[in-house]
Amino acid sequence: MSSLDTIIRELRRAAARARAARYAVHGLVAAAAWVTLVLLIARLTPFERRATVAVVGIPVALAVAALAWLLRRPSAAILMRLADIRLGLKERLSTAWERRTESGTLDDAQRRDALQHAARTRLAAAFPVRVNRGEASLVAVLAIFALALALLPNPMDQVLAQRQADRTSQARAAKAVQDAQKKITDSAKPTPVDPQVQKILHDAQAKIRQADSPRQALESITPAEQQLQRLTDPGTPALNSSAQNLANALSGTAAGNSAAQAISTSPAKGAQSVRDLASQLQNMSPKDREELAKALAKASQQAQNSQMRDSLSKASSSLQNGDASSAAEALNDVASQLDSLQQQQNTDQAVASAINGLESARQELAAQADRDAKGQGGQPNAGASASPGAGTSAGAGASPGASGSGNGTGSGTGTGTGTGTGTGTGTGTGSGSGNGSGGTGGTGSNGSGTGSGSGAKSTERVYVPGQPVPGQSDNDPTPLGLGQDVPLSPYSQVIQAYQQAALDATDQSLIPGSERDLVRQYFSQLGEQTGPGPK
């Protein structure tokens, strides 16, 4: 029995080695196929962390192959039969194993015969370590294919970079809103609307973070700003103007000068100073009362707030009538209105701080949305454009006393008085020449001419320069000669400058986000046109 057990152990070791090689190749095939599949999918759809997923799949595939190798061990009877077949032992080992518990005369003889033949045979040869060439070739092909997929440029990388840039932009925008929240929380002047402001900012921040794209996140900015603006009192400007007029009027009086300075400092200090002034009315001289009554009457006439106007008018008439107690009561009403103004200013300041935070978020999101629209979403500095190195300007003008025309071309900038049109490239100094006729005594830095002319008639067309476009240089247009038409520039030469100027203007002003989107959409649609129509 011990000899048969020895044969079984040797056969099991040989079979285990052979199966290990086979299942190792199976595992390599599965691992290479997994990596190839992941990299292939990553080229068809944006797939983040694809490298991690591909690498994790390799040990998993090998672990599955090892588990299959462990669970699919052949039994002893199968090992004996396979050894008989592969070693040519004519079922000696399998028969001896099946009758290992029998003790007959033939059984003992049969076992001895099997053991003798097994001793003369190399049992490990029954299970040689072999690798299937087809599987080995498949592993090599899959490995080369996966390597090519990993090294060649992936078109989805730009999409992933844009997504990452979008998330970063939204995170920065949400951080700007969060900073505005913190600023309001830490403010030394809390207002009753602070909880509402905090809730509006919190909701806007959550929507910005949860948005699928910066453009979608932009849609939450304008509604939040509108909600914040509704928290302000529309009568604050009128009340603030009335308080300032009161300070101006009191500054010219001896009794109210200190109150005027306090009002100019802050409405709260002004309120306390006005109350002190009301308590001093009984002790004022008739001259001071008369002077104060005139100042209050003047402030009443200039007041834009009806309630303050009535209180000031009442205080003035009471002083003029010698009723100091009624005047003091009216001044106390004015002080209460100044306290209310201080509260309104604090509210406006909190709302303005919140809107500034939202505007910072808007600028961040709008810049990223523009980069996404241009296909440069993954490039942080893609939105910055270089300043043009060359430009063309054309203009015309007419002076009422004389007219003239001339043409010149030069490089550089200069100052002078003259007429003409020109084209320049870059900046610096240069010289040029030109010919033309101008008014008597007219000179130019880049050309000269003599001649005479007459003033423009009432029926002639003249060019009147309009307001400069924000973001563009404010150069004086070149005057036109008599009867000349305004020169036109090709559409393709000016659209980029106008677009940039318009976008810069929207970024530098508190234009609602919906209106900014309309500006971007307008120029985006213009950019799709191919006709070079004049501008």
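Biologist: What makes Leu 28, Ile 58 and Leu 62 a nonpolar surface patch?

Modeller: In this predicted model, local features need pLDDT of at least 70 and side-chain atom pairs count only at pLDDT 80 or more, while totals for chains, interfaces and linings use all residues. Residues are numbered from 1 along each chain as its sequence is written, and side-chain values use heavy atoms, with hydrogens and water left out. Patches are made of residues with over 30% relative accessible area and no salt bridge; nonpolar side chains (Val, Leu, Ile, Met, Phe, Trp, Tyr) are joined within 5 Å, like charges within 9 Å. Leu 28, Ile 58 and Leu 62 make such a nonpolar patch, of about 230 Å². The areas come from the Shrake-Rupley method with a 1.4 Å probe, and for residues only the protein chains shown count as cover.

Biologist: Why is Leu 62 called partly exposed?

Modeller: Buried means under 20% relative accessible area, exposed means over 50%, and partly exposed is in between (1.4 Å probe, protein chains only). Leu 62 has 36% relative accessibility, and therefore counts as partly exposed. Leu 62 is found in helix α2, residues 50–71. Helices (H or I, at least four residues) and strands (E, at least two) are DSSP runs, numbered from the N terminus.

Biologist: What makes the patch with Arg 122 positive?

Modeller: Lys and Arg count as positive and Asp and Glu as negative, while His and the chain ends are not counted. The patch is formed by Arg 9, Arg 13, Arg 17 and Arg 122, so the rule for Arg makes it positive. For Arg, the place of the charge is taken as CZ. Arg 122 lies in the loop between α5 (105–119) and α6 (133–151), and it counts as exposed because its relative accessibility is 60%.

Biologist: How do you know that Asp 157 and Arg 50 form a salt bridge?

Modeller: A salt bridge is a side-chain nitrogen of Lys or Arg within 4 Å of a carboxyl oxygen of Asp or Glu. The closest N and O atoms of Asp 157 and Arg 50 are 2.6 Å apart, and the pair forms a salt bridge. Asp 157 lies in helix α7 (residues 156–185) and Arg 50 in helix α2, so the pair ties together parts that are 107 residues apart in sequence. By this rule the count comes to 13 salt bridges.

Biologist: What places Asp 113 and Arg 92 under the salt bridge rule?

Modeller: The closest N and O atoms of Asp 113 and Arg 92 are 2.6 Å apart, and the two form a salt bridge. Asp 113 lies in helix α5 and Arg 92 in helix α4 (residues 92–98), so the pair ties together parts that are 21 residues apart in sequence. Asp 113 is partly exposed because its relative accessible area is 26%; Arg 92, at 21%, therefore counts as partly exposed.

Biologist: Which residues are linked with Arg 362 in a network of salt bridges?

Modeller: Glu 225 and Glu 359 are linked with Arg 362 in this network. The closest N and O atoms of Arg 362 and Glu 225 are 2.8 Å apart. This pair links distant parts of the chain, with Arg 362 in helix α16 and Glu 225 in helix α10 (residues 221–229), 137 residues apart. Both Arg 362 and Glu 225 are buried.

Biologist: Why does Glu 364 count as buried?

Modeller: Its relative accessible area is 19%, and Glu 364 is therefore buried. Glu 364 has its place in helix α16. Leaving aside neighbours within four places in sequence, Glu 364 is in contact (heavy atoms within 4.5 Å) with Ser 169, Arg 172 and Ala 173.

Biologist: Is Asp 372 buried or exposed?

Modeller: Asp 372 counts as buried because its relative accessibility is 17%. Asp 372 is found in helix α16, residues 324–373.

Biologist: What is noted about phi of Lys 90 and Glu 91?

Modeller: Phi of Lys 90 is near 50°, a positive value in a residue other than glycine. Phi of Glu 91 is near 65°, and this too is a positive value in a residue other than glycine. Lys 90 lies in the loop between α3 (76–87) and α4. At 71% relative accessibility, Lys 90 counts as exposed, and Glu 91 counts as exposed at 54%.
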